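Subject: Structure handover

Hello,

Here is the structure we discussed. Please load it first, then read the notes below.

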Amino acid sequence: MTAANHSQLTGFVLLGLSQIWELRLVFFIVFSVVYLVTVTGNLLIVAVVTSDPRLHTTMYFLLGNLSFLDFCYSSITAPRMLADLLSPKPVISFGGCLTQLFFFHFIGGIKIFLLTVMACDRYVAISQPLRYMLIMNRTVCGLLVAASWVGGFIHSIAQVVLTVQLPFCGPDKLDNFYCDVPQLIKLACTDTFVLELLMVSNNGLVTLMCFLVLLGSYTALLVMLRIHSREGRSKALSTCASHVAVVTLIFVPCVYIYARPFRTFPMDKVVSVLYTVVTPMLNPAIYTLRNKEVIMAMKKLRRRQKDLLGPLEP
């Protein structure tokens, strides 16, 4: 089929997570709580890192950026999903679909590059402790974060440019709760074999390569930690374990979704929910539950708020 023989669709029907009304209500309640916890947890980390001078270091600057990105990432899909769960026939316009696709891959791309920067930061901190402040100074850190944003933009705009050229003439049912490349390509009324190869190369292979590089760097760090003292080794292992957990939660689902042909598998929606809704909620807990400095900063921020509200209480 060609676009010349068929009219272009103006929107898509989102099939969502389920067509059973009672189950959709359960999903709405559960994911409303998850989204509330996600927003609260990530914005709290941003506030703590920003307000406490002791956390004005490279590691916590990067952590604050990751928390802000997790807040943005979940907000791209979760509010729309919650509204659609209560809608009898959720429809998204073609322009709205492309907008969601752009920001989804924009923020997701930044997160992937930022996690790579965080791995480099930990590697320098452990391998070059005396030169760490010289190597990872504010200028270098700022440039690396800016490069992550530029990389995310280039990655995302490539997705949109390739997708917007596809002819969509029916069917109009998108088998997901948000707009993404794998589901959109399956609705195109043209041969998409070459485009699928480009998308898999852009999404899947890049993600897989970054994941392997990160695993290699953390493996090298673990080997390097053998020469450190027990106290230093314990602290470094705790930090690296948090990073590895976050990296695994983000990269493994992405590799599953994008590093294969765009076909439908039974676990697709479960994996999509995991890395778009659940993982952004877990990241603050992973980083803060075992981080004494962040916990102390949170207690300090809470005491400061009590002091400010104290005179107002009767």
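The expected span of a helix is 1.5 Å times one less than its number of residues. Keep that rule in mind for helix 7 below. One caution before the findings: this is a predicted model.

Helix 7

Helix 7 covers residues 193-224, which is 32 residues. At 1.5 Å a residue, helix 7 should span 46 Å. Its end C-alpha atoms are 45 Å apart, so the two values agree. Helix 7 also has a kink of about 35°. The kink is centred on valine 200.

Second largest pocket

The volume of this pocket is about 290 Å³. Its lining counts 16 residues, and those closest to the pocket centre are Leu55, His56, Thr57, Thr58 and Phe61. Helix 1 (21-51), helix 2 (58-85) and helix 5 (138-164) are the elements that give two or more residues to the lining. Helix 2 has the largest share, with five residues. What classes of residue make up the lining of the second largest pocket? Eight are nonpolar, seven are polar and one is charged.

Strand 1 (residues 11-14) pairs with strand 3 in the parallel sense, over two bridges. Valine 13 has lysine 173 of strand 3 as its bridge partner.

Annotated spans

The UniProt entry, which is unreviewed, gives the feature "transmembrane region" at residues 25-48, 60-82, 102-120, 140-162, 205-225, 237-258 and 270-289. I can give you the computed content for two of these spans, as follows.

- Residues 60-82: 100% helix and 0% strand, with the end C-alpha atoms 32 Å apart.
- Residues 102-120: 100% helix and 0% strand, with the end C-alpha atoms 27 Å apart.

Then turn to the pocket lining around Leu55, His56, Thr57, Thr58 and Phe61.

Best wishes

Terms used:
Residues numbered from 1 in each chain as written. Predicted model: local features only at pLDDT ≥ 70, side-chain atom pairs only at ≥ 80, totals over all residues. Heavy atoms only, no water. Helix = DSSP H or I, 4+ residues; strand = E, 2+ residues; numbered from the N terminus. Bend = angle between axes of the 7 residues up to and from the residue. 1 Å grid on protein atoms, 1.4 Å probe; cavity = no way out; pocket = protein on both sides within 12 Å on 5 of 7 lines; lining within 4 Å. Points joined across faces, edges and corners; volume = space filled by probe spheres on them. Nonpolar A, V, L, I, M, F, W, Y, C, P; charged D, E, K, R; others polar. Pairing = 2+ DSSP bridges. UniProt positions renumbered as here; feature names shortened; annotations may be inferred.
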